[in-house]
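Thanks for coming, everyone. I would like to take a few minutes to walk through some helix packing, with the criteria stated as we go.

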Amino acid sequence: MERDVLSYHPDLTVVCFGLNDCGTLGMDTYYRSLTTIFTKIKNSGSDVIFMTPNMMNTKISCHLKEEVILNIAKQSMQRQNDGVLEQYLEAGKRAAKECGAVICDVYEKWKKLEKNGVDTTELLANKINHPNREMNWLFAYSLVETIMMN
């Protein structure tokens, strides 16, 4: 972080950490890591925004065919549908609040899309966990919205 971020003395740093980490990092490690990141950024004099990620797949897309990819999709679907990703993001938002970071909650917007009948899995470029080109606008718009409101 020192070499790639803080050495440039940013005025604003955006952290989006949790989508891929909810299956590999333990909850305590995730929370401590974010707390450390937010604290280092704030101590450097930069403002910090915690941007939550998009949802992962909620179903197995018919577009996935390879067994290895299907297994990855099943694991991410389980973490999404069992609420594991949401638990991690809640811990991240708690860490952000405790450290004085602003929260840009893109995940909540994806949940609203799902609640209103949108098939969010089809909004993922790889049908697993990364938004397609058209949905990247939501991140940009949400970030500008957050900056303008704070």
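Let me begin with what counts as a contact, namely heavy atoms within 4.5 Å, and with the elements themselves, since helices (H or I, at least four residues) and strands (E, at least two) are DSSP runs, numbered from the N terminus. This is a predicted model, in which local features need pLDDT of at least 70 and side-chain atom pairs count only at pLDDT 80 or more, while totals for chains, interfaces and linings use all residues. Residues are numbered from 1 along each chain as its sequence is written, and side-chain values use heavy atoms, with hydrogens and water left out.

Helix 1 takes in residues 27-43, and its buried residues pack against strand 1 (12-15), strand 2 (47-51) and helix 3 (84-99). Which residues of helix 1 are buried? They are Tyr 30, Tyr 31, Leu 34, Phe 38 and Ile 41, where buried means under 20% relative accessible area, exposed over 50%, and partly exposed in between, with a 1.4 Å probe and protein chains only. As background, an α-helix has 3.6 residues a turn, so residues three or four places apart point the same way. On the face turned away from the buried side, helix 1 carries the exposed residues Asp 28 and Asn 43, and the helix is followed by Gly 45, whose phi is positive, near 100°.

Turning to pairs of helices, helix 1 and helix 3 pack at an angle of about 30°, with their axes 9 Å apart. Here axes are lines fitted to C-alpha atoms, for helices over the stretch in contact, and angles run from 0 to 180 degrees between N-to-C directions. Helix 1 and helix 3 are therefore roughly parallel to each other, given that angles under 35 degrees count as roughly parallel, over 145 as roughly antiparallel, 65 to 115 as roughly perpendicular and the rest as oblique.

Helix 4 (residues 106-115) and helix 5 (residues 136-149), by contrast, pack at about 125°, with axes 10 Å apart, and are therefore oblique to each other. In this pair, Val 106, Lys 109 and Trp 110 of helix 4 meet residues of helix 5 that include Phe 139 and Ser 142. Ser 142 is buried, with a relative accessible area of 1%, and, leaving aside neighbours within four places in sequence, Ser 142 is in contact with Cys 104, Val 106 and Lys 109.
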